[in-house]
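Subject: The structure, plus notes

Hi,

Here is the structure I promised to pass on.

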Amino acid sequence: MAERFFHKIIKEICSEKDIRMKVLSFGMIIKLKKDDKIRYIIQNCFGFNNSTADRLASDKYSLFEVLESEGISVIKHYMLFNPVSRAGFMDEVMLSNTISKFIDEYGAIAIVKSNTGREGVSVYKCIGENEIYDTAYNLFKTNSSISLCPYYDIKEEYRVVYLDGKCELIYSKERPAVIGNGLLSVAELYLKQKENLSPYITMDKIIDIDLSYVPKKDEKVYLTWKHNLCNGAIPLIVEDNKLKKKIQEFATLVAKKINIDFAAIDIIEDKEGNLSVLEVNSGLGLTIFTKHVQNGYEITKSIYSKAIDKLFE
């Protein structure tokens, strides 16, 4: 089996710092030992966040409520409980009323997602009450609770890597797109231009797009509404100092409100330039970032090296 990128880079750092490393539990756990100290990294989660911060970062609805209670701008979430397994919290009537209230307030386009998902998995864009219901019940097969969110017309999505009081990295996520020539369909343009796109945008990940549509000359057509790198988005480091400062201040405030020390904070910017929290992840993977950004390996190695130093303080 090929060595995982994450293991490879941690091994390199440990070699330089005279730290013994052992991979356990089919690669999910990395055991680090230096002198008489033993530390663990579990699925890209380093061990110095407190447990409550980790729990908040892993539950999207809980994070929403905490940040909203602190006056932080955050994507709106409605909690939907499984009316079978969590009937004590929400029965069929309450579920129906919650969805109806949502549609009355935000319209018929909604994002339905698992509260604990990552990397855009189990996140669906739904149109209309029936599709919302069908998607919710499909997710209820494996989830006791899910979230219902408005669909936001996002100008940009940013990821901030926050470590020990400092924003170490800020990048935007440029969604994959094809450029029209007035002759070819979206499907034909994708096949013609795919070598210029991320390898992670495959045909099965092109969603909510009419593949037969023929864009006008120079028309830009995004292939997915998702901004995840694993769905084909390209990371672009934010260079504008004014924008960078604005994002840094907002992300730092978010981190301090939930008492988290190491996290990837995802932030959206709307058409008016307002920032809101999308989600926070305490597990940090930078593999795709490293592949697309010049000096990405060095940037990633520096961040993980600082995190390991923090582990052994």
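First, some ground rules. This is a predicted model, so to speak: local features need pLDDT of at least 70, side-chain atom pairs count only at pLDDT 80 or more, and totals for chains, interfaces and linings use all residues. Residues are numbered from 1 along each chain as its sequence is written, and side-chain values use heavy atoms, with hydrogens and water left out.

**The cores**

Let's start inside. A nonpolar core here is a set of buried Ala, Val, Leu, Ile, Met, Phe, Trp, Tyr and Cys residues joined through side-chain atoms within 4.5 Å. Buried means under 20% relative accessible area, exposed means over 50%, and partly exposed is in between (1.4 Å probe, protein chains only). The largest nonpolar core has 47 residues, and L148, I265 and V280 touch the most other members. Helix α7 (residues 241-258) gives the most to this core, with 6 residues. (Helices are DSSP runs of H or I with at least four residues, strands are runs of E with at least two, and both are numbered from the N terminus.) Another core, of 31 residues, lies apart from it and includes F6, F46, L163 and L311.

Contact, here and below, means heavy atoms within 4.5 Å. Not counting residues up to four places away in sequence, V280 touches A57, L63, V254, I258, I260, A263, A264 and I265.

**Helix pairs**

Two packed helices are described by the angle between their axes and the distance between the axes. The axes are lines fitted to C-alpha atoms, for helices over the stretch in contact, and the angles run from 0 to 180 degrees between N-to-C directions. Under 35 degrees counts as roughly parallel, over 145 as roughly antiparallel, 65 to 115 as roughly perpendicular, and the rest as oblique.

Take α1 (residues 5-17) and α9 (residues 296-311): their axes come within 10 Å and cross at roughly 60°. That makes α1 oblique to α9. On the α1 side the contact includes F5, F6, I9 and I10, and these residues and others meet a set in α9 that includes Y297, Y304 and I308. By class, the residues of this contact are 8 nonpolar, 2 polar and 6 charged. (Ala, Val, Leu, Ile, Met, Phe, Trp, Tyr, Cys and Pro count as nonpolar, Asp, Glu, Lys and Arg as charged, and the others, Gly among them, as polar.)

Next come α4 and α5, which pack at about 135° with their axes 11 Å apart. This pair is therefore oblique too. E92, L95, S96, I99, S100 and I103 of α4 make the contact with E129, I132, Y133 and Y137 of α5. Those residues divide into 6 nonpolar, 2 polar and 2 charged. Within α5 (residues 129-139), I132, Y133, T135, A136 and L139 are buried. Their cover includes α4 (92-106) along with the strands β6 (109-114), β7 (123-127) and β8 (145-150).

The axes of α3 (residues 60-69) and α7 come within 10 Å and cross at roughly 105°, so α3 and α7 are roughly perpendicular to each other. L63, V66 and L67 in α3 meet V254, K257 and I258 in α7. That contact has 5 nonpolar, no polar and 1 charged residues.

**Single residues to look up**

- L311 sits in helix α9 and counts as buried at 6% relative accessibility. Leaving aside neighbours within four places in sequence, L311 is in contact with L32, R39, I41, F46, G47 and F48.
- K76 is in the loop between α3 and β5 (78-81) and counts as partly exposed at 22% relative accessibility. The C-alpha atoms of K76 and L148 are separated by 8.3 Å, although the two are 72 residues apart along the chain. Leaving aside neighbours within four places in sequence, the contacts of K76 include F64, E68, Y106 and L148.
- D18 lies in the loop between α1 and β1 (20-24) and is exposed, with a relative accessible area of 66%.

What is the phi of D18? Phi is positive there, about 55°, although D18 is not a glycine. Most residues other than glycine have a negative phi. N259, in the loop between α7 and β14 (262-269), also has a positive phi, near 60°.

Cheers
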